[in-house]
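Here is a short briefing on charged pairs and nonpolar cores for someone new to protein structures. Have a look at the chain first, then read on.

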Amino acid sequence: EQIVDYGRVVAGLRGNFGTGGFLDGWQWDIFGQYSRSDGDYSQDVILQDAVDSTSFKREFLDDPTTPENEARPASCVGTNLPISGRPCIDVDFTDPRFLAGDLTAEERAFLFDNETGNTLYEQTYVEGFMGGEVFELPAGPLGVALGFHLRKDEINDTPGEITLADNSWGLSGAGITEGSEETSEAFVEFAVPLLRDLPLAREVDFSVSARYTDTKTSGDATTYKLGLNWEIMDGLRFRGSHGTSFRAPALFELYLADQTSFIGQRSIDPCLNLETRLADGSVSQEIYNNCINPAGPGGGVPTNFTGGVVTAEVVTGGGLGVLEPETSVATVVGLVISPPNSGLDFAMDYYEIEIENEVTNLGAGGILLACYTSE
């Protein structure tokens, strides 16, 4: 179950600079926003310490070789669970009744619990800009807009007490994810009319903008965008843009507290069925050599090793201090056809976007593969 309370407040002022002077006809706008998302998430869990303490365990007497001293169930009655503190009862997991899902009320109360975690996310920002026309060009007025943006984002995710104690059977443990980001930006944009009412140039406009961004966690950067809007004739228009972008890692990507999960060996181990996979080309010679090398990361793996039921414990956490911001370069060109008096628009666009330093989860298999493909 999830219950989220969300609230958002926005307030601002806008106006103009009046008549006369350099800023004649210019408009301005300044506003602020505060938003708060407060979410509780609840789930039913099985207690790990309850499973560990039940009577499917066996104990042996000093001399297990004698028939009368065969393995016998160990009783936990009279003790309390080490983490949840519940009085222990004996539960036989081998009982056909239990295997059929027919649990008594006492067994359910002992094995199961419900926990609630909370995620609080707050955002506060102030933004302002002003814009207007500077002077006349042959094809029209030169337009300018400039402004600023100040923002603070905060997150505090506190899992339930059972998850914090890593006491959920079959589920991952997690810690408290808490942190903030502060962002300051300044931007400017120019709208430049180039041509008007000429053959094959009914209207040609050029735009250029730039933005400076400074963050608390990921440094600063300057980005830009160039744009062209070329109306060749009535109903036929070409458009294009080229620019860069900057994205600081999100709060979750930066501050996620370590959480555990488990994955089977056969899902991630690059050193399985080496002989067969080398023959069919599904494994490289480099991986093959590193897997069988006694001095390599695997300590020497047999070429016919098929893996087992063992699972790997995977720890996932945020990358504060390690992650760099994403950057990208994007080029877009397109053609728009609008037959007169038809009410229709047909558009065809080409996008080319290249992202560097993409923020992503490496994954357990990817980490092992990188190990076995390194020198």
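**Charged pairs and nonpolar cores**

Asp153 and Arg151 join their side chains in a salt bridge, with N and O 2.9 Å apart. A salt bridge here is a side-chain nitrogen of Lys or Arg within 4 Å of a carboxyl oxygen of Asp or Glu, and that rule gives a count of 13 salt bridges. Please keep in mind that this is a predicted model, where local features need pLDDT of at least 70, side-chain atom pairs count only at pLDDT 80 or more, and totals for chains, interfaces and linings use all residues. Residues are numbered from 1 along each chain as its sequence is written, and side-chain values use heavy atoms, leaving out hydrogens and water.

**The idea behind the pairs**

- Side chains of opposite charge can pair when their charged atoms come close.

**How open are the first two partners?**

- Asp153 counts as buried, at 7% relative accessibility; buried means under 20% relative accessible area, exposed means over 50%, and partly exposed lies in between (1.4 Å probe, protein chains only).
- Arg151 is partly exposed, with a relative accessible area of 24%.

**Salt bridges between strands**

- Glu231 and Arg202 form a salt bridge whose closest N and O atoms are 3.0 Å apart.
- Because Glu231 sits in strand E9 (residues 219–233) and Arg202 in strand E8 (residues 201–215), this pair ties together parts that are 29 residues apart in sequence. Strands (E, at least two residues) and helices (H or I, at least four) are DSSP runs, numbered from the N terminus.
- Glu231 is buried at 16% relative accessibility, while Arg202 is partly exposed at 36%.
- Another salt bridge brings together the side chains of Arg239 and Asp349, at 2.8 Å from N to O.
- This pair links distant parts of the chain, 110 residues apart: Arg239 belongs to strand E10 (residues 236–247) and Asp349 to strand E14 (residues 346–356).
- Arg239 is partly exposed at 30%, and Asp349 is partly exposed at 28% relative accessibility.

**Nonpolar cores**

- The largest nonpolar core has 15 residues, and among those with the most contacts inside it are Ala50, Val91, Phe93 and Phe110. Such a core is a set of buried Ala, Val, Leu, Ile, Met, Phe, Trp, Tyr and Cys residues joined through side-chain atoms within 4.5 Å.
- Helix H1 (48–53) and helix H3 (105–111) are the elements that give two or more residues to this core.
- A second, separate core has 8 residues, including Cys271, Leu274, Val283 and Tyr372.
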